[in-house]
Every structure is written in structure tokens, then in C-alpha cells.
Amino acid sequence: MSERYICIHGHFYQPPRENPWLEEVEFQDSAQPYHDWNERITAECYAPNAVSRVMDSEWRIIGLINNYSRISFNFGPTLLYWLAKHNPSVYQSILDADKESMTNFGGHGSAIAQIYNHIIMPLANRRDKETQVKWAICDFELRFGRFPEGMWLSETAVDLESLEVLAENNIKFTILSSHQALKIRKLGEENWVDVSDGKIDPRYPYLCSLPSGKTIVLFFFDRRTAADISFGHLLENGEAFAKRLLDTLKVKDGTVPLESVASDGELYGHHHPHGDMTLAYCLYYLVSNETAKLTNYGEFLEKYPPIHEVQIAQNTSWSCSHGIERWRADCGDNMGRAGWRQAWRKPLREAMDWLRDTLIPQFEQAAAQYLTDPWVSRNDYLTVVLDRSRENIETFLSSHAKQPLNEPEKRHVIKLLEMQRHAMLMYTSCGWFFDEISGIETVQVLMYAARVMQLAKELFDLDLETKYLKILESAPSNIPEFSNGAKIYDIFVKPAIVDFAKISAQNTMRELFADNIEPPSNPSQIPNNCFSIKLENIEKHDDGNFRLTLNRSTVFSSITLDEQNFSCAALWLGGHNVTCGTQSNMPKNQYLTLSAKLIDTFEKGQINELLIDISKYFGQTYSLNDLFKDDQHYILDYIVAEGLKKAQELNNLIYHDNSAILRFMKENRILPPKPLQSAAEVVINMEIEQLLCSQTIDLEKLQKLINDSKYLTLTLDSQLLGFQASQKITQEFTKLAQTPPSLKTLNNLTTLIRLIHELSLPLDLWQSQNILFKIAQNQYQTLKTKADPTSQAWVRAFVNLCELIGIRLA
């Protein structure tokens, strides 16, 4: 039998979600119980695939595998940027997988690059195409330490110019869907064969000759199998997945076939729960049965160069049956919301194109005063984006500037390049992909556009917003209250725009509550992360009912290098009533005199006069409405804490006073009054939550709460409790791995898991299972050889725990 190869490609990508002014992802309510969608999808997909469980037929773990090391993959550069900062262990696992794959696949790493921020390349101008490819290569080399052999095109959207840009930058190959081929012929022959509508044989690489005379290799993935991965049932069974891949490899002509499949990587765990384990078992099955060899595109291309050439169907993609219309027209491709149209796509594209094209001559003329070549400078600017240190910025400027620049000129140049960066970020494909213009993905690209216009105003004194919004007025929303894109911009984007005054106010309002609120566990989730604030003076006053904070500080941006001095006064009147005034460049003597006046007014209890003075002497005022999402949550948690405490006490009183009657009604099959049932549910939910979040769980109390919830048929917050229970179990297993063997600890853990199982919560135990599996390979192997009663008791308890959590022991 001739050799047969299989290559599974995962396209792992999230759109950039960072607030354009803060360079941080803010709290996203729709992602709860996680902080944001990046964090959620990392927990459900990116992390599990780095240490995925291989399960037997009874769903017990028999091994662990880094899936990335055995497949071909790309990660979006902006996603890797986030992972490196927020989950460095997963990030490192991805880099390690690429190194491991080089050992597996003849020196060829499995990672390939991806168009930088996932723009639709055929809809981009030539310069944006070039910058996107150069930024993708730069990012890849910095992270993976090698040049990428291949590059993933966003949505596999392709035209000849995009392939030319790839080839000019020494990219060897890219991956397309089988329906994107038009004609093929054997190398050296004249006659072309029509392979349109997916008739191409995707089991071989093809050479594409370009108008410039350059060439690039194209791999076409098996569209049918890929569709069954995405929309069918292939991710329900790893063995069936493997056999489906093998079935496509039957050839009679003696050639060496490659079964190539590509899909969104998020299918392996996020869209399909436990999809990572299905993939892991598929890989395990293929390796252990040796009926075909796993490979990646680089290795296969080296062994079996193309013997055919191909012509592509231009302006096509893998996710739009109308080519690339999904990103510029109401073509009918959408997520399936009945009655909704996407007539907003065309004017949104037109607004972005108008904004980009209006600023091209402005950028060229302004940047040419300082830079040898403005577009070459833009192509190299990613090195600054990835390293904002002053030393690196100076190195970049010295290599691109026509002459030494003074500080204002340096800031001017950085702003010009930041304007261009956001003018590309505003084309991120997800802004057009979904059904509604008010969705978070579209609002995100609108915010990038707002940042572009803000910088243009600072640089050129241009008011671009009026014309931009005029175009958006013709972008209709499917939701009547939002009307059109211009109104959505006013509702969601304008309030999010940040300037130095808002940063100063944000910091001052936070100081009102700084003594009461613990900082977030992840410091990078503190807003204004790319701004630093140097306090010159701060005074806090609290009379038991109201609070006053006064400060004088300098705000500095690590992005634009700008800095500005502010004097601020913030007053809390209780509840959500916060007022903050800011004034820039107030003379120090004036600030000190004004501070003394405001403090005197506050101490006299003249609150109305104080509010008038803040409005009078501080030019701009802010409220809690203007806080960034994270600080809103931290501060509101504190503000409502007393109310929650009272509510809990009241519900406790109602529940415990009526628990006997609730039981009596249950015994007699009488429907309980809703207020009493609701009080019981509030109390039981909160007490279980408190137990799961406590340092040491009272197992007897937990058992009683579970018994009460089951007996009274109470509705529990399964998503929140499941999340907290999963975290608690992981914490306890981590402690188990770090401490000497303890029979008591094992028994407590076993009891805890059995109790939680009684709640039928959706648990995510992959981390806990992996920890226990590693203990099984170490401590367990040592102790099971010992004959003393203590060791044998520990071994028996450990076996029981493993069976409970789903691990098969040798």
C-alpha cells in the first residue's frame, strides 16, 4: 500500500476586542460567568486543546495530548497578543506545540501565519494587503522564532492580488476550500480541465501561476468532511472522525494522497463541548493504528511537490455562497435570524472606505515631513505595537525618520501611525459577518473608526464624524429602537470615546471607593491600562454619609506619548450618585485655594453649594455612567452590597420562618406560593455559592443545602454554580498535587465531588482530570508498591476518586 497522509487544520481566531483607547478588553456581560469572550473561549477551547484528554469507550482518561502538536493550525495575531498577556501558560503551550511538531513532521512547524486582523483581503486596497501580510509575518517571527511557510487568508477570501502579495513576501502556500478552484491542468500540458463547483480533487497540492510570474502553492481542503465537522456529527465520536478521514484516502493510480480538512478551531471545545477530546482521540486512533500518517502542509509539500497547476475562482471565500458579498452587501448569507436583513452592510463598508480614502493623502503629506517613506514606516510599525518601551520607540523612529525629531514631532508621528493602525482594525471581518449592526462585533469596528476620527481631529483639525454618520444613517438596524448605524454610533460608541480628561475622572472616581474595594485578581483588567497616572496631591474626606476626593495628577499615554495635568474633584452622595469634575492645566496655587474652599464647604455639610462649585470651577463633569465597564462592576458591587445583605437577611427570615410549611405543602403535593418558593431559591443559591467560594467547605452544610434544594424542587443557578464548583474542584486538586499524600484530603475530595454531582451542574473538569492523571503517573505509582496499611488505604481512596472523576488507572 502506498503512503497516505492526513492533515487536520484548525483556524483559531477571535476578533480584536480591546477598547481602542485602553488597549484592554473590557467586561462583557454576554460572556458571563467569565470576564469576556476571549477568557471564556480560552477556558472552553484554547486551553483544553493544549492538554487534551484521550478517553476510552467508557469516557475514562487513558492519556493526555497537546492537540496543536499533531495538527496544522493558525492563531490570529491579535488573539496571541491577548493570550500572551492574559494566559501565558496557554500561550506557551501553543509555542511549544509548534516546536514539538517540527520533530513530528520533518522539521516543519505546524503553525502558519494569519492575515493580521482578519480583514477580507479582496476588499482591501493594495497597501493594506501588504501591511496586513507584513504584520502577520513580523508577529509570527517574533512569537514562533521562525519564518512562516504558509498563511491563512481571512475567511479564505481570495483574489490574485492577495496571492501576489503572499508570494512577494515569500509565503509558500495558503489553504482554500475546494469550491474556490476554477480550472486545473497537469504541469507542462496546455488544456485546462474545469473543476468549478468543488470538482477539484483536494487530496493533492496545486501550483498557482500569478500574473507577475511568481507562483504559490494552494492546498484545497475537503469541503464535505469539513462541513460535517462544523455542522454534522463528526465531533461526537473520535473513532468515527478518524475513519471518515481514512475513507477518503483510497486511490488506484499509485499517487500519494493527502486528506486535508480545515475548520474553525473553536469547534474543538467551544462550539462543540468536549470537541477537543474528540479530536484527541481521532489523533490517538490515527497514530496508534498506523493506517495513515499525520502530517502538516509544509512537510507534505516538501515530500510531494505539485504536479498540477490551478486557476482560482476570484473573490470567493469559505463562508459566503455569494463570494465575498457577506462583507459588503445584503446577500442573504447570515446567522439565520428570521425576518432580519443585512442592508446595513453596504453603507457600513462605504463609510469605512470613505474614511480610509479621505485620510490617505492627509497621512502621506503629513508623514512625509518626518519619515523617509510613510508606507514603509507603517509596514514596520508593528514592532512598536508589540513593544511600547521608550527605547524601542526611539529605535523605530531613528530608523525611519528623515532627521532627528523633537518630542512634539515624535508624538505627531506616532499618532499618524496609530491612525493608520486603527484604520485597518476597523475592517476586521466580524464587523460584517453577523446579522445585526448593533452587535458587539460591529460596534467594535465602529469604535475603531471613532478612534481614527479622533486622531484625525487632533492631527489635522478635520471634522470627519458628520459625513461618516451621514453615510451610516442609511445603514438600517433590525431593532426599531436603534433605527440605523448613526444612532447606534451615538448610543454605543460616543459614550465610549476616551480622552485624557475622562481618564483623570475615572481615576478620581475610583479613589472614592479605593479603600473599600479589592483590586481585581488580574491587574491587566484594571482599566486605563495603557495610561499611567502620577499623583501630585490627593485628599479624601468622609463624613459618614458623603465622600469627597480631590486630586491633582499627570496623565501619560504609553501609546501616543502625550501627557496632561489635571485637577479633579469627585463627590459621592450615596447610591449611584457620583459627580466628578476635571480641569486641565489649572495652576497649582489656584488648585490649592480651590481645594481648601471645597473641603470647607464639605465639612459644613453644604452639599448643594459643593455641587455648584464643582460644576463652576471644573470644566467637565462625569458620573458613574462614564466609568469603564470593569470599574462600574467593582464600584456597583460595593454600592449594592448593603442592599444585597438586607435582601439576603429578609429572604433568610422568610425562608426559615416558612420552611416547615413549604415541606408540608411539598409532602401533600400542594403548589407553594411563589414568594415563599422564590425566597427559598434565593437563600439556597446564595448559601451554596458562599460555600463554594469559601476557603474550606463545610461538607455537612453543603449536604443539607443539596437535600433541601432537591426536596423542595428548587431552581438553582446552574451556570454560575457549575462555574464556581468547577473552579473549586480545580483549586482542591491543585492543592492535592502540591501537598504530601493525605487520606483525609482524598476522602474529603471524594465527598465533595459526589455532593456536587447530586446537583447535576454543568461541570468543566478538564483541568482537574489532568491534574489527577499526572498524580496517577507519579505518587500513585510509588505508593501502590508499598505494603503498609496507610499507603494501601491511600491507594484505595485514590482509585475511588479516579473512577469518580473518570480516569482509568493502569
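Predicted model: local features only at pLDDT ≥ 70, side-chain atom pairs only at ≥ 80, totals over all residues.
Residues are numbered from 1 along each chain as its sequence is written, and side-chain values use heavy atoms, with hydrogens and water left out.

**Exercise 1**

Find which residues of helix H13 are buried and which are exposed on the other side.

*Solution.* Step one: locate H13 at residues 390-400. Helices (H or I, at least four residues) and strands (E, at least two) are DSSP runs, numbered from the N terminus.

Step two: pick out the buried residues, which are Asn392, Ile393, Phe396, Leu397 and His400. Buried means under 20% relative accessible area, exposed over 50%, and partly exposed in between (1.4 Å probe, protein chains only).

Step three: look at where they point. An α-helix has 3.6 residues a turn, so residues three or four places apart point the same way.

Step four: turn to the other side of H13, where Glu391, Ser398 and Ser399 are exposed.

Step five: see what covers the buried residues; helix H11 (374-380), helix H12 (382-385) and helix H14 (407-425) are included.

**Exercise 2**

Work out the strand order of the open sheet of five strands, and name its edge strands.

*Solution.* Step one: read the order, S15-S16-S17-S18-S19, with antiparallel pairing. Two strands pair if DSSP finds at least two bridges between them.

Step two: find the strands that pair on one side only, namely S15 (531-542) and S19 (620-622).

Step three: zoom in on S15 and S16 (residues 547-557), which are joined by 11 bridges. Here His541 stands opposite Leu548 in S16.

**Exercise 3**

Decide whether Asp56 is buried or exposed, and list what it touches.

Step two: compare its relative accessible area with the cut-off. Asp56 has 13%, so this residue is buried.

Step three: list its contacts (heavy atoms within 4.5 Å). Not counting residues up to four places away in sequence, Asp56 touches Ile62 and Arg808.
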